[in-house]
Amino acid sequence: QVQLVESGGGLVQAGGSLRLSCVASGRTFSAYAMGWFRQAPGKEREFVARIGWLDSTTYYADSVKGRFTISRDNSKNTVYLQMNSLKPEDTAVYYCAANPTIATMTATYWGQGTQVTVSS
């Protein structure tokens, strides 16, 4: 069992930055690929970024490539999402996920979400 708790969301102006954190409980954190997803009001949940468990290979949605960076610190059971050059369309609830499957938008474990609001 893994529990995920996100933090770091908030209100920021367009062009600004935020760093989201996701702390996982459980001793098997390092064995999971981790990901970030987001859901804006009235829209379906969408994939944002993924990081592998073995070699930390990263993968990004085209909409955030070059602006967002996913990273992990297995010693702290934490995965991060550094978000730069934020745009109003990045406004959403951001969810951390363990063992995500992008094709089906599913994951073994989900966090409760953290709100990110980008003002224009």
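Begin by selecting V79: apart from neighbours within four places in sequence, V79 contacts L20, S21, C22, F29, M34, W36, I51, I70, S71, R72 and C96. The model on display is a predicted one.

**The aromatic pairs**

Now display the aromatic rings. How many aromatic pairs are there? The count comes to four. One of them joins Y32 and Y109, whose ring centres are 5.9 Å apart and whose planes stand at 90 degrees, an edge-to-face arrangement. Y32 sits in the loop between β3 (18–24) and β4 (34–39), whereas Y109 belongs to strand β10 (residues 106–110), so this pair ties together parts separated by 77 residues in sequence. Select each residue in turn and inspect its surroundings. Y32 has a relative accessible area of 18% and is therefore buried, the cut-off being under 20%. Y109, with 16% relative accessibility, is likewise counted as buried.

Move on to F37 and F47. Here the ring centres lie 5.7 Å apart and the planes meet at 70 degrees; this pair is therefore edge-to-face as well, since an angle over 60 degrees qualifies. F37 is in strand β4 and F47 in strand β5 (residues 46–51), so that the pair links distant parts of the chain, 10 residues apart. Are F37 and F47 buried or exposed? Both F37 and F47 are buried.

**R45 and two ring faces**

R45 lies over the face of W110, at 4.4 Å from the ring centre. Then show Y95 too: R45 also lies over the face of that ring, at 4.0 Å from the centre.

Most residues other than glycine have a negative phi. Select N99, which is not a glycine and yet has a positive phi of about 55 degrees. N99 itself is partly exposed, with a relative accessible area of 34%.

Continue to M105, another residue other than glycine with a positive phi, in this case near 55 degrees. M105 is placed in the loop between β9 and β10. Its relative accessibility is 27%, which counts as partly exposed.

**Last stop: S63**

Finally, select S63. Where is S63 found? S63 is in the loop between β6 (58–60) and β7. With a relative accessible area of 38%, S63 is partly exposed. To place S63 against another part of the chain, draw a distance from its C-alpha atom to that of V12: the two atoms are separated by 18 Å, and the residues are 51 apart along the chain.

Terms used: Residues numbered from 1 in each chain as written. Predicted model: local features only at pLDDT ≥ 70, side-chain atom pairs only at ≥ 80, totals over all residues. Heavy atoms only, no water. Phe/Tyr/Trp six-rings, centres within 6.5 Å; stacked < 30°, edge-to-face > 60°. Helix = DSSP H or I, 4+ residues; strand = E, 2+ residues; numbered from the N terminus. Buried < 20%, exposed > 50% of the residue type's maximum accessible area, 1.4 Å probe, protein only. Lys NZ or Arg CZ within 6 Å of the ring centre and 35° of its normal. Contact = heavy atoms within 4.5 Å.
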